[in-house]
Amino acid sequence: MRLIQTDEWVPHANYWLCERVWKYNAKSILLPVGNTMLPFWAAWRQNPPRGLASLRKLQLDEITSGPKAGSFARILQAEV
């Protein structure tokens with residue numbers, strides 16, 4: 001097994017997403033949240049993918065109870 005480094009998966013994920021948005025003429029996307037996605041959001045801030053700014057972005061997951069309840073919404077709001 002080989003671990004995929006951030007500098008490898010982020011460009012591939014961006015390419016995959018942009019390709020699907022174009023192919024299906026998407027108007028919205030579901031976005032996973034959490035610390036795993038922080039490098040992805042950083043890449044979006046540095047080099048925003050064309051065509052994604054106009055999409056409606058919907059949060060896919062959330063922590064609903066306990067001391068971290070709502071933290072994914074806060075991450076998404078801060079990052080995207």
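Of the 80 residues in the protein chain, 25% count as buried (buried is under 20% relative accessible area, exposed is over 50% and partly exposed lies in between, using a 1.4 Å probe and protein chains only). This is a predicted model, where local features need pLDDT of at least 70 and side-chain atom pairs count only at pLDDT 80 or more, while totals for chains, interfaces and linings use all residues. Residues are numbered from 1 along each chain as its sequence is written, and side-chain values use heavy atoms, with hydrogens and water left out.

**Stop 1: the whole chain.** Switch to a cartoon view and find three helices and two strands (DSSP runs numbered from the N terminus: helices are H or I with at least four residues, strands are E with at least two). The C-alpha atoms fill a box of roughly 40 × 35 × 25 Å along the principal axes.

Stop 2: Select residues 6-24 for helix α1 and residues 38-46 for helix α2; they pack at an angle of about 65°, with axes 10 Å apart (axes are lines fitted to C-alpha atoms, for helices over the stretch in contact, and angles run from 0 to 180 degrees between N-to-C directions). That makes α1 roughly perpendicular to α2 (the term covers 65 to 115 degrees).

Now show side chains. Thr6, Trp9, Val10, Ala13, Asn14 and Leu17 of α1 meet Pro39, Phe40, Ala43 and Trp44 of α2 (contact means heavy atoms within 4.5 Å). Eight of the residues in this contact are nonpolar, two are polar and none is charged.

**Stop 3: Asn14.** Is Asn14 buried or exposed? Select Asn14 in helix α1: Asn14 is buried, with a relative accessible area of 13%. Leaving aside residues up to four places away in sequence, Asn14 touches Phe40, Ala43, Trp44 and Pro49. Next, draw a distance from Asn14 to Glu62: they are 48 residues apart in sequence and 22 Å apart in space, C-alpha to C-alpha.

**Stop 4: the two sides of α3.** Select residues 71-79, helix α3, and colour Ser71, Phe72, Ile75 and Leu76, which are buried. They cover an arc of only 140° around the axis, so they sit on the same side of α3 (the arc is that of the directions from the helix axis to the C-beta atoms). An α-helix has 3.6 residues a turn, so residues three or four places apart point the same way. Turn to the other side of α3 to find Gln77 and Ala78 exposed.

Note on methods: Angles under 35 degrees count as roughly parallel, over 145 as roughly antiparallel, 65 to 115 as roughly perpendicular and the rest as oblique. Ala, Val, Leu, Ile, Met, Phe, Trp, Tyr, Cys and Pro count as nonpolar, Asp, Glu, Lys and Arg as charged, and the others, Gly among them, as polar.
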